[in-house]
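Me: Please take a close look at one part of this protein, the open sheet and the metal site beside it. I would like a single connected account, with the cut-offs stated.

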Amino acid sequence: MNYIFDTPTPASVAIHGSDDRFAVRRIFCVGRNYAAHAREMGHNPDCELPFYFTKPNDAVVDSRVSIPYPPKTNNFHFEAELVVAIGKECEDVKREDALQHVYGYAVGNDLTRRDLQSAAKLKGRPWDASKAFDHSAPCAEIHPINQISDIENSRIWLTVNGDIKQDSNINKLIWSVPEVIANLSTLFTLMPGDLIYTGTPEGVGPIMKGDVIRVGIEGLTELETKIV
Ligand code: MN
């Protein structure tokens, strides 16, 4: 049997301290997972369960790879996020067992066409065009979980051309990493290769052609993206 097209090279992310790469299966993203960001988007963070959207696996982009300003938007936004890389299958996992299924952590940027997202929200339409476009998921190298201590109390920040735009801490997540994995695994069987973008803190804003965005989380490799 032959495929009628060349099969694509698997989408993948670099691994810290290794030449091996993490093949990406799916990309899940958590909406509104920091209270101050939920408020800045006009929502009450106290009365919402976590919710999810997805991006295609080939939206992933390595650090220091430039990406084009996307078409059909005039309000292109950054979102600094902790990315969880799943290493072991799990379904309906308990919160206390959730971290056994994590391969590692990385720094990500959930790039967003905010104008298309606002229009979709108003009409109750899907978010794909605002969230799941080409190059929308920059991700720095993954650090294996056994090399990380206390990610849940780490500073997360983002700069645009050196100016600080987001500055928060992973301990401000409404739904912690184990809680997100537990809840998401009630909806989907999580598989090795799945990435979870866990949500962004407050301070999201626009980026322009020529901007350099740096995202950092204490203990992890920084993510750098230039818009061209
Ligand atoms: Mn996000």
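**The sheet and the metal site**

Reply: Val83 stands opposite Ala106 in β8. This is a predicted model, in which local features need pLDDT of at least 70 and side-chain atom pairs count only at pLDDT 80 or more, while totals for chains, interfaces and linings use all residues. Residues are numbered from 1 along each chain as its sequence is written, and side-chain values use heavy atoms, with hydrogens and water left out. The average pLDDT (the predictor's confidence in each residue, from 0 to 100) is 96 for the protein, and 100% of the residues score at least 70.

Strands here are DSSP runs of E with at least two residues, and helices are runs of H or I with at least four, both numbered from the N terminus. Two strands pair if DSSP finds at least two bridges between them. By that rule, β7 and β8 run antiparallel and are joined by seven bridges. They belong to an open sheet of six strands with mixed pairing, in the order β4-β3-β14-β7-β8-β11. Its edge strands, each pairing on one side only, are β4 (51–55) and β11 (143–144). At the β11 end, two bridges pair that strand with β8 in the antiparallel sense, and Gly104 stands opposite Pro144. At the β4 end, β3 (residues 27–31) runs antiparallel to β4 over five bridges, with Ile27 opposite Lys55.

Seven of the eight residues of β8 are buried (under 20% relative accessible area; exposed is over 50%, partly exposed in between, with a 1.4 Å probe and protein chains only). A nonpolar core is a set of buried Ala, Val, Leu, Ile, Met, Phe, Trp, Tyr and Cys residues joined through side-chain atoms within 4.5 Å. The largest such core has 41 residues, and Tyr105, Ile181 and Ile196 have the most contacts inside it. β7 and β8 are among the elements that each supply at least two of its residues. Another core, of 20 residues, lies apart from it and includes Val83.

Now the metal. Donors are N, O and S atoms within 2.8 Å of the metal (3.2 Å for Na, K and Ca); water is not among the atoms, so sites may look incomplete. The manganese ion has the protein donors Glu79 (OE), Glu81 (OE) and Asp110 (OD), at 2.0 to 2.1 Å. Along the chain their spacing is E-x1-E-x28-D. Glu81 sits in strand β7 (residues 80–86) and Asp110 in the loop between β8 (102–109) and β9 (112–113), 29 residues apart. Glu81 and Asp110 are both buried.

Asp110 also meets Lys131 in a salt bridge (a side-chain nitrogen of Lys or Arg within 4 Å of a carboxyl oxygen of Asp or Glu), at 2.9 Å, N to O. Lys131 lies in helix α3 (residues 128–131), so this pair ties together parts 21 residues apart in sequence. Lys131 counts as buried because its relative accessibility is 2%, and Asp110 does so at 0%.

Arg114, in helix α2 (residues 114–123), is buried too, at 4% relative accessibility. Its contacts (heavy atoms within 4.5 Å), leaving aside neighbours within four places in sequence, include Glu79 and Lys131. Salt bridges that share partners join Lys55, Glu79, Asp110, Arg114 and Lys131 into one network.
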